[in-house]
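User: Hi! Could you walk me through how to read a structure like this one, feature by feature?

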Amino acid sequence: VQVRVLKEHAEGERRVAATPETVKKLIALGAQVAIEPGAGSAAGFPDDSYLQVGATLAEGALADAALVLCVQAPEVSRIRQIAGGATLVGLLQPEADPLRAEALRAPERQVFPLERLPRTTRAQAMDVLSSQAGMAGYKAALIAAELAPRFFPMLTTAAGTIRPSKVLVVGAGVAGLQAIATARRLGAQVEGFDVRPETREQIESLGAKFLDLGVSAAGEGGYARALTDEERAEQQRRLADHLRGVDVVVCTAAVPGRPAPKILTDVMVAGMKPGSVIVDLAAETGGNCALTRPGETVVEGGVTIAGPLNLASMGAVHASEMFARNVLNFVSLFVREGQVTFDWEDELLAKTRWG
Ligand code: NAD
């Protein structure tokens, strides 16, 4: 099987879907691997490092590739160059763009948008949403520390004692827990909340405090469900009071397949202390804060609100290492001895497949 590793085209995308380590393993599975020139350079993997493990360089025509690996979906014009019988693996988000969906669809083609992978125990080693969310949560805490006009840790100095910053993390999934762990390591006093009751123990095990807002909304597959109007009102009433004493908020709340839940209203932000900081990781899907502008940092009433996008790409080296291992583990489900064979009884293949 001829594998092509694409050079990402999306603006600001520094990650790559295969590293020299995973290319070596793909070759061991019987694949021939061609890397597009410069595909790994922004992630710290120069072309040479791939050549050394037995890959070749290839540019342009995609017609001979039987398996195409990418982080984000390629441009529509490039998708159209891919052979009808080829297999595509990556965060393809076919529903995000009707033209892309149309270009992706071909009768003999298998399309595996990795965001569709079921989140079962067996799938964990292939779960790019988790591995990339870990980096995003880590960076979100660091951005908050950088923007804040305060120290995170407590300091005892000759100029007096500085009290530690109070950090609240909204949503304690993969990204939220990593943000909590990172803010803790920086010495902040950290609290977190989520609507899934099992997160209490997870938050506490990181040395943070669980903030109980009296709302419990576990949904299917370990995810949250959307709140009812009454539940949301209750959550917001309790949260508004609490926010007055908080220095930093990191927002990570999401509900699969829906816009990010709006949790912080403009009134709540207006009640926060000047100099407070909100980093809204949910900006990608609209933001948890009503004032978030995706991709921008704004100041409203003395409160700085950042809506950074694609945070995983900021940590491109480790994010790519994890992404590439996830992809390798997924591809290992159907590449054996150089051949591609799909076992559609395997729910990981059957459920991830699109179209
Ligand atoms: P996510 O990105 O969909 O959501 C982030 C968090 O926001 C979730 O914890 C969710 O409960 C929370 N949330 C949603 N609405 C909220 C609201 N109104 N207020 C506060 N919080 C709200 O989730 P994720 O981080 O991708 O994963 C969430 C769950 O999936 C976790 O239980 C995780 O352990 C599980 N998971 C399992 C596997 C696996 O077994 N393979 C892999 C990844 C994640």
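Predicted model: local features only at pLDDT ≥ 70, side-chain atom pairs only at ≥ 80, totals over all residues.

User: What radius of gyration does the protein have, and how do I judge it?

Analyst: The idea is to set the value against what a compact globule of that chain length would have. For 355 residues that would be near 20 Å, and the protein has 22 Å, which agrees. As for extent, the C-alpha trace spans about 65 × 50 × 35 Å along its principal axes.

User: At what angle do helices H1 and H11 pack?

Analyst: Helix H1 (residues 20–28) meets helix H11 (residues 316–331) at an angle of about 15°, and their axes are 9 Å apart. Angles under 35 degrees count as roughly parallel, so H1 is roughly parallel to H11. Their crossing is right-handed. On the H1 side, Thr 22, Lys 25 and Leu 26 make the contact, while H11 brings Ala 324, Arg 325, Val 327, Leu 328 and Val 331. Sorted by class, this contact has five nonpolar, one polar and two charged residues.

User: Which residues come nearest to the ligand?

Analyst: Of the 30 residues around the ligand, Gly 171, Gly 173, Ala 224, Ala 253 and Ala 254 come nearest. Helix H5 (128–147) and helix H6 (174–185) are the elements that give two or more residues to this shell.

User: What is the shell around the ligand like by class?

Analyst: It has 17 nonpolar, nine polar and four charged residues.

Notes:
Residues numbered from 1 in each chain as written. Axes fitted to C-alpha atoms, helices over the stretch in contact; angles between N-to-C directions. Helix = DSSP H or I, 4+ residues; strand = E, 2+ residues; numbered from the N terminus. Parallel < 35°, antiparallel > 145°, perpendicular 65-115°, else oblique. Left-handed = near helix turned anticlockwise from the far one by under 90°. Contact = placed C-beta atoms within 7 Å. Nonpolar A, V, L, I, M, F, W, Y, C, P; charged D, E, K, R; others polar. Near = placed C-beta within 6 Å. Rg over C-alpha atoms; globule rule 2.2 N^0.38 Å.
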